[in-house]
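Dear colleague,

I am passing on the structure that we spoke about, and below it you will find an account of what was found in it. Please keep it open beside this email as you read.

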2 protein chains.
Amino acid sequence: MYQQGFVSSSLYSVINGERKRTVVSDMSKKLIYFDLKAIGEPLRYILHYGGIQFEDVRISYSEWATKKKMKSRLPFGKLPILVDGDRILNQSMAIARYLGRGLDLVPADPWEEAAVDAVILTLNDLRASTSPVFREQDAVKKEALKKELVDETIPFYFTRFQNILKENNGHIGKKLTWADFVFVGIIEFIEEFVQVKIQENYPAVKELVNKIHNLPGVKEHIANRK
Amino acid sequence: MYQQGFVSSSLYSVINGERKRTVVSDMSKKLIYFDLKAIGEPLRYILHYGGIQFEDVRISYSEWATKKKMKSRLPFGKLPILVDGDRILNQSMAIARYLGRGLDLVPADPWEEAAVDAVILTLNDLRASTSPVFREQDAVKKEALKKELVDETIPFYFTRFQNILKENNGHIGKKLTWADFVFVGIIEFIEEFVQVKIQENYPAVKELVNKIHNLPGVKEHIANRK
């Protein structure tokens with residue numbers, strides 16, 4: 001369970017290079033992120049699916065806001081990070097692929113490996129393009145941006161994503177890969193943050209979401225999460 | 001050399017699945033991009049360094065603007081793409097890693113592989129954050145955005161990038177990887193599009209740019225490019 005004091009001193013010590021002085025667990029892996037699903041949840045899916053022991057460290061916004069020094073010691077001032085012993089890895093997509101490699105969730109064929117990379121990079125571009133909708137405060141402008149997203153952008157991308165799923169028997173690649181977990185997590189993120197419905201219009205997408213949610217480890221995680 | 005008519009029919013046929021009818025070369029690989037350096041040039045660096053035979057296909061903006069149907073047949077409507085026989089790969093970073101894997105330019109150690117991924121994903125975030133500066137039409141607003149980029153954003157990122165280079169004997173990873181080529185190309189892109197100077201303030205960055213520019217294949221490409 002998440003404990004404010006522990007998390008704070010643990011992160012501080014990790015990035016301050018004094019980790020050994022405050023270790024309170026035998027587990028060497030920590031995923032450090034905000035107390036959000038967002039771009040952290042796909043990593044939690046992979047970690048739980050893989051049965052990897054890790055500390056699911058959650059930083060509150062209030063804590064983050066007061067920790068300038070802490071931020072400056074992260075690789076590039078951002079979360080999530082994966083901490084493994086003395087090493088820190090940033091960037092959620094790099095973390096997901098890394099975890100995937102250890103779990104046989106990266107395609108063996110280089111072209112196929114690159115093809116799933118390309119899908120996730122494309123979905124990430126789409127995610128980034130939703131930020132203005134999420135941030136816009138003016139209700140009329142927000143609605144106009146959302147309309148463009150719902151009527152044009154999402155259909156453009158998801159028609160293509162759905163075709164890829166159909167060609168691959170329901171997956172991004174020819175078998176289950178790290179990309180399926182990230183794809184599902186990012187779609188849930190877009191749906192929640194921008195308040196748009198994607199799954200109901202793209203049945204192959206909905207099917208993949210359900211498949212990932214019901215994988216061993218992921219299923220238990222979802223049943224237990226807040 | 002780039003020929004308008006050939007390019008147009010070649011791209012059309014490739015994405016229309018009729019490639020064999022219009023093949024004019026034995027080379028099976030094409031890099032298709034605009035007639036720009038931007039995010040295509042790092043891929044050209046890798047291809048030339050690797051001695052890979054490829055057609056360096058350039059699409060003019062005027063051609064692109066009139067080719068709605070062509071765009072709709074690209075994987076996600078965007079360039080660059082790598083065409084290899086009947087297969088098309090999109091997303092420059094996925095293409096760079098794919099090419100790198102065939103040229104022993106991906107670290108063998110999974111953590112190290114992920115660490116160079118993370119640097120390039122971070123640089124890509126920085127590149128994306130420069131778009132408002134590039135696009136802003138109001139001179140006063142543009143100057144304010146540029147000032148923030150020059151005084152805050154670039155120092156934040158490049159202090160860290162420079163530390164990574166120093167720790168790795170001048171490279172992003174422990175040896176020459178695809179990430180070095182992309183790092184150099186993206187920096188040149190930011191410098192050119194946003195009109196900011198980066199290399200002169202970060203000597204380790206400048207050194208890596210010079211190193212990549214002088215690699216066999218890359219050197220000849222640079223000497224010959226327009």
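Before the first place to look at, a word on terms: helices (H or I, at least four residues) and strands (E, at least two) are DSSP runs, and they are numbered from the N terminus. In those terms, Pro80(B) sits in the loop between helix H4 (68-73) and S3 of chain B. Please bear in mind throughout that this is a predicted model.

Backbone features

The peptide bond that leads from Leu79(B) to Pro80(B) is cis, with omega near 5 degrees. In chain A, a cis peptide bond likewise joins Leu79(A) and Pro80(A), where omega is about 5 degrees, and Pro80(A) lies in the loop between helix H4 (68-73) and S3 of chain A. A further backbone feature is found at Asp104(A), whose phi is near 60 degrees, a positive value in a residue other than glycine; Asp104(A) belongs to the loop between H5 and H6 of chain A.

The sheets

In chain A, 4 strands make up an open sheet in the order S2-S1-S3-S4, with mixed pairing. Its edge strands are strand S2 (55-59) and strand S4 (87-90) of chain A, each of which pairs on one side only, and the twist from one strand to the next averages 20 degrees. Within this sheet, strand S1 (residues 29-34) of chain A runs parallel to S2(A), to which 5 bridges join it, and Leu31(A) stands opposite Asp56(A) in S2(A).

Which helices pack on the sheet of chain A? One of them is helix H2 (residues 41-49) of chain A, which lies across S1 and S2 of chain A and runs at about 155 degrees to S1(A). Another comes from the partner chain: helix H6 (residues 110-129) of chain B packs on the sheet and touches strand S3 (81-84) and S4 of chain A, its direction making about 45 degrees with that of S4(A).

Chain B also has an open sheet of 4 strands, in the order S2-S1-S3-S4 and with mixed pairing. Strand S2 (55-59) and strand S4 (87-90) of chain B stand at its edges with a single partner strand each, so one side of each is left without a neighbour in the sheet. Here too the twist averages 20 degrees from one strand to the next. Strand S1 (residues 29-34) of chain B pairs with S2(B) in the parallel sense over 5 bridges, and in S2(B) the bridge partner of Tyr33(B) is Arg58(B). Helix H2 (residues 41-49) of chain B lies across S1 and S2 of chain B, at about 155 degrees to S1(B), while H6(A) lies across strand S3 (81-84) and S4 of chain B, at about 45 degrees to S4(B).

How the two chains meet

A rotation of 180 degrees, with 0.0 Å of shift along its axis, superposes chain A on chain B with an RMSD of 0.0 Å, and that is the relation of a two-fold axis. Through which surface do the copies meet? Of the interface residues of chain A, 100% are also interface residues in chain B, so the copies meet through the same surface.

In this interface, 33 residues of chain A are in contact with 33 residues of chain B. The area buried between chain A and chain B is about 2,900 Å², and carbon and sulfur atoms give 66% of it. In chain A, Phe76(A), Gln91(A) and Trp111(A) lose the most area to chain B, and together they account for 29% of what that side buries.

The rule finds 6 salt bridges across the interface of chain A and chain B; among them, Glu113(B) forms one with Arg97(A), the closest N and O atoms being 3.5 Å apart. The side of chain A that touches chain B receives at least two residues from each of S3, S4, helix H5 (92-102), helix H6 (110-129) and helix H8 (139-167) of chain A, and its largest share, 10 residues, comes from H6(A).

A residue to look up

Arg127(A) is found in helix H6 of chain A. Leaving aside its neighbours within four places in sequence, Arg127(A) is in contact with Ile39(A), Ile186(A), Phe189(A) and Ile190(A). The C-alpha atoms of Arg127(A) and Ile190(A) are separated by 6.6 Å, although the two residues are 63 residues apart along the chain.

With best wishes

How values were computed. Residues are numbered from 1 along each chain as its sequence is written. Chains are lettered from A and ligands numbered from 1 in the order in which they are written. This is a predicted model: local features need pLDDT of at least 70, side-chain atom pairs count only at pLDDT 80 or more; totals for chains, interfaces and linings use all residues. Side-chain values use heavy atoms; hydrogens and water are left out. Copies are superposed by least squares on the C-alpha atoms of residues with pLDDT of at least 70 in both. Contact means heavy atoms within 4.5 Å. Two strands pair if DSSP finds at least two bridges between them. Axes are lines fitted to C-alpha atoms, for helices over the stretch in contact, and angles run from 0 to 180 degrees between N-to-C directions. Buried area is the accessible area (1.4 Å probe) that two parts lose on being put together, summed over both. A salt bridge is a side-chain nitrogen of Lys or Arg within 4 Å of a carboxyl oxygen of Asp or Glu.
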